[in-house]
Amino acid sequence: MSDTHSIVPPDALPAVHTPPGKDVAVELVGVHKWYGEFHVLKDINLKVRRGERIVICGPSGSGKSTMIRCINRLEEHQQGTIVVDGIELTNDLKRIDEIRREVGMCFQHFNLFPHLTILENLTLAPIWVRKMPKKDADELAMHFLRKVKIPEQATKYPGQLSGGQQQRVAIARALCMKPKIMLFDEPTSALDPEMVKEVLETMVSLAEEGMTMLCVTHEMGFARQVANRVIFMDAGQIIEMNEPEAFFSNPQHERTKLFLSQILH
Ligand SMILES: Nc1ncnc2c1ncn2[C@@H]1O[C@H](COP(=O)(O)OP(=O)(O)O)[C@@H](O)[C@H]1O
Ligand SMILES: [Mg+2]
């Protein structure tokens, strides 16, 4: 039997005991994607349970961003299926909207509107997308600004904040939409080292509250502390996936070993 397009994860991956149905937050089955001729995702199979925290690492260009961007349809896959919160991603725009409402995203660059105050950045989507009255949106925004520990910055503009503070605003902005799932794409990699900790602490507290999280990051301390599973990607494939302890102490694949030796030293 040919294994190439099998929907079953390769034997090399450990069994993941996922209860069927409602407990699944995100499922990718046999997902392939091309940019023109370039085969960027090759047979990606991944099932994420509700409340699970997944850390994705791997060399630059391995397809990490593409994979998580496919989950909220910022990128389109060409083969296989992606189901998010029970909704399959197709070209149906209504479904894409539904999914985007459930999935928050936080990027390397914070993408805040520079001409709006912090509070206005946070209330924009709740007011215009969720049709929330301004007063309620303000309250909600202040709630999440307190959560990321910068309520005193509410009336400032993004340019007046440090990178770490701006990234926490970006996280608060995503939380204002009450997402069920949060995607992070290297949220700390553009920050000065002294600001990484405050952003990671915000992410840890989100994890402790039970948020389902997929995080592309090379912060391996974070991975050890909060991840249920760590995934290593290379050249468009999931090469290895394991619990953090086993992943770091006993990587199976040569490419994983090489990668870990490079980033841990
Ligand atoms: N819009 C695009 N068009 C063509 N190639 C792209 C595009 N976006 C990314 N790529 C290529 O796809 C590969 C994977 O990119 P990406 O998912 O950003 O990797 P990673 O996040 O792991 O660094 C890279 O070789 C990149 O150059
Ligand atoms: Mg990337």
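Is phenylalanine 259 buried or exposed? In this predicted model, phenylalanine 259 has a relative accessible area of 6% and is therefore buried, the cut-off for that class being under 20%. Phenylalanine 232 likewise counts as buried, because its relative accessibility is 0%.

These residues form one of the two aromatic pairs found in a search of the whole structure. The ring centres of phenylalanine 232 and phenylalanine 259 lie 5.2 Å apart, and the planes meet at 40 degrees, so the pair is classed as tilted. Distant parts of the chain are linked by this pair: phenylalanine 232 belongs to strand E9 (residues 229-234), phenylalanine 259 belongs to helix H9 (residues 254-264), and 27 residues separate the two. The other pair comprises phenylalanine 247 and phenylalanine 248, with ring centres 5.2 Å apart; the planes stand at 90 degrees, so the arrangement is edge-to-face. Both phenylalanine 247 and phenylalanine 248 are buried.

The largest nonpolar core contains 49 residues, of which Leu145, Met182, Phe184, Met203, Met213 and Phe222 touch the most other members. The greatest contribution to this core comes from helix H6 (residues 193-208), which supplies eight residues. For leucine 145, when neighbours within four places in sequence are left aside, the residues in contact are Ile118, Leu122, Ile150, Pro151, Ala154, Val169 and Ala172. Another core, of 31 residues, lies apart from the largest one and includes Leu28, Ile56, Ile99 and Leu183.

Terms used. Residues are numbered from 1 along each chain as its sequence is written. Chains are lettered from A and ligands numbered from 1 in the order in which they are written. This is a predicted model: local features need pLDDT of at least 70, side-chain atom pairs count only at pLDDT 80 or more; totals for chains, interfaces and linings use all residues. Side-chain values use heavy atoms; hydrogens and water are left out. A nonpolar core is a set of buried Ala, Val, Leu, Ile, Met, Phe, Trp, Tyr and Cys residues joined through side-chain atoms within 4.5 Å. Buried means under 20% relative accessible area, exposed over 50%, partly exposed in between (1.4 Å probe, protein chains only). Helices (H or I, at least four residues) and strands (E, at least two) are DSSP runs, numbered from the N terminus. Contact means heavy atoms within 4.5 Å. Rings of Phe, Tyr and Trp (its six-membered ring) pair if their centres lie within 6.5 Å; planes under 30 degrees apart count as stacked, over 60 as edge-to-face and the rest as tilted.
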